[in-house]
Every structure is written in structure tokens, then in C-alpha cells.
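Welcome, and take a moment to look around before reading on. The report below walks through a few residues and then steps back to the whole chain.

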Amino acid sequence: KQAEFSNLEPEIESINVYQFIDYSAVYDFNYYITNNPELYDTYKNDPKGAIKHFAEYGINEGKQAKGTFDVASYRNRWSDLRRLYGWNNLREYYNHYIQYGQKEGRTATGISEVYDPIHVFMGTDFSSVYDYKYYKMNNPDVAAAIGDDDMAVFCHFLNNGMKELRVASPTFNVQNYIMNNPDLVQTFGLSFPDYYLHYIQYGRYEGRKC
């Protein structure tokens with residue numbers, strides 16, 4: 001009897017293991033098939049098939065497989081991981097939590113908004129002219145095209161938004177800045193990004209109207 005029970009232990013553990021990776025930090029068989037009902041009938045009696053599906057497909061689709069880990073929340077909460085892995089490489093977020101995040105006590109559920117969105121480029125802090133949430137809210141075409149990816153939204157502002165005179169902050173309106181500072185028009189003309197940069201570097205300290 002002792003031998004029989006000892007032989008069962010590896011079998012029980014293996015339902016969370018696929019190709020030598022233990023997914024137990026982010027995966028629970030019952031949770032996976034219950035909370036993803038499209039999988040229930042196929043895998044309710046096939047734990048090995050379920051873990052294979054999760055490892056090969058579920059992770060790439062961002063499926064939640066355990067109550068204590070939601071990849072969207074994990075990505076939203078930790079800006080350092082977004083800088084490392086980008087927005088769409090979901091597998092890296094699962095792997096990070098398995099290897100490090102759980103041990104570090106990182107929050108991995110209940111986060112619906114992006115924390116600490118990026119606002120620095122090449123050492124320049126754009127926070128005086130750019131606010132991620134404000135930019136998305138006031139530019140719905142950007143939000144619709146890009147979604148919540150804070151790096152992609154910021155890149156849009158840098159590459160397109162400034163050239164298009166888009167308002168990206170409740171405290172800075174570039175068209176007002178141009179109208180109220182004719183001396184800058186003589187210098188910058190139609191080079192619109194330069195007005196944003198001037199305000200960041202000088203205008204806000206000079207108390208220029210914006």
C-alpha cells in the first residue's frame with residue numbers, strides 16, 4: 001500500500017507540469033476548465049490534455065488558469081516588466097511570475113488600469129506635456145487603434161501626436177502655446193514638436209502661458 005501511494009504522487013504533480021515546466025504558480029486544472037467553459041467538455045476528463053492546451057495555446061491567448069494570477073493584471077501593474085517584455089509577449093509574463101514574481105510577492109490580480117505608464121524618452125521627461133490616460137481619452141482614434149499599450153501610445157505621441165498638434169495633457173495645449181508666444185513662432189515656424197520640447201525645457205520655468 002505504501003508503494004501504491006508513493007507511485008501516485010508523481011502522477012498528481014504531473015497535471016501541472018508540461019515539458020518539464022511546473023506551471024502550478026499560474027495554473028490549476030479545475031479552475032482552467034471551469035472558467036474557460038469552451039474547454040470543459042473536451043478536457044474535463046483529460047488533465048494532461050488540459051495542461052498541454054494551456055502551455056501551447058492558453059498562455060498565448062492570455063487565458064486565466066488560476067485565481068491568483070491574471071496575466072493582464074500582472075502586465076498592467078508592473079511597468080518594469082512591460083519595458084522588458086513589451087505588451088504582446090504574454091508568455092514571458094507567465095514565466096516571470098513562475099520564476100520570480102510569486103516569490104517576490106508581486107500583485108497579479110485585480111489591476112484594470114496601467115500603472116506607471118512610460119513618459120520618458122532619451123532622457124527627456126515628457127510628463128509636463130503628456131499624460132497617458134488624458135491622451136487616450138482625448139484621442140479616441142489612438143485608443144481604438146492601439147489599445148492600452150502604454151509604450152505604443154507614447155510612441156504615437158512622439159512620432160505623430162506632436163506633429164499633429166494633439167493635446168496630450170490637461171495643463172498644456174500646444175495651439176494656445178503657439179498663439180500666446182509669437183517669439184517662438186519666429187524661431188520654430190511649423191516645426192510643431194519643437195514647441196512641446198521648448199515648454200518642457202524652458203517655457204514651464206519661464207511661466208509662459210500655455
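Predicted model: local features only at pLDDT ≥ 70, side-chain atom pairs only at ≥ 80, totals over all residues.

Residues are numbered from 1 along each chain as its sequence is written, and side-chain values use heavy atoms, with hydrogens and water left out.

**Two residues with a positive phi**

L165 sits in the loop between α10 and α11 (174-180). Helices (H or I, at least four residues) and strands (E, at least two) are DSSP runs, numbered from the N terminus. Although L165 is not a glycine, its phi is positive, at about 60°. Most residues other than glycine have a negative phi. F20 is also not a glycine, and F20 has a positive phi of about 70°. You will find F20 in the loop between β1 (17-18) and β2 (21-22). With a relative accessibility of 85%, F20 counts as exposed.

**Two buried residues in loops**

Y27 belongs to the loop between β2 and α2 (29-35), and its relative accessibility of 1% makes Y27 buried. What does Y27 touch, not counting residues up to four places away in sequence? Its partners are I15, N16, Y32, P47, A50, I51, F54, A65 and K66, where contact means heavy atoms within 4.5 Å. From Y27 to D150 is 123 residues in sequence and 27 Å in space, C-alpha to C-alpha.

K63 lies in the loop between α4 (47-58) and α5 (71-77). K63 is buried too, at 16% relative accessibility. Leaving out residues up to four places away in sequence, K63 is in contact with Y32, N36, E38, L39, H53, F54, G58 and Y94.

**Some partly exposed residues**

| Residue | Relative accessibility | Class |
|---|---|---|
| C155 | 39% | partly exposed |
| N160 | 32% | partly exposed |
| C210 | 23% | partly exposed |

N160 is part of helix α10 (residues 150-161). Between the C-alpha atoms of N160 and Y115, which are 45 residues apart along the chain, the separation is 23 Å. As for cysteines, a disulfide is counted when a pair of cysteine sulfur atoms lies within 2.5 Å, and by this rule there are zero disulfides.

**The chain as a whole**

How many helices and strands does the chain have? There are 13 helices and four strands. The radius of gyration of the chain is 24 Å, well over the 17 Å that the globule rule gives for 210 residues, so the chain is more spread out than a compact globule. That radius is taken over C-alpha atoms, and the globule rule is 2.2 Å times the number of residues to the power 0.38. Along the principal axes, the C-alpha atoms fill a box of roughly 90 × 30 × 25 Å.

Of the 210 residues, 40% count as buried. Among contacts in the chain with a separation of 6 or more, 64% come from residues 24 or more positions apart. The chain exposes about 12,000 Å², and carbon and sulfur atoms supply 50% of this area, computed by the Shrake-Rupley method with a 1.4 Å probe.

Conventions. Buried < 20%, exposed > 50% of the residue type's maximum accessible area, 1.4 Å probe, protein only.
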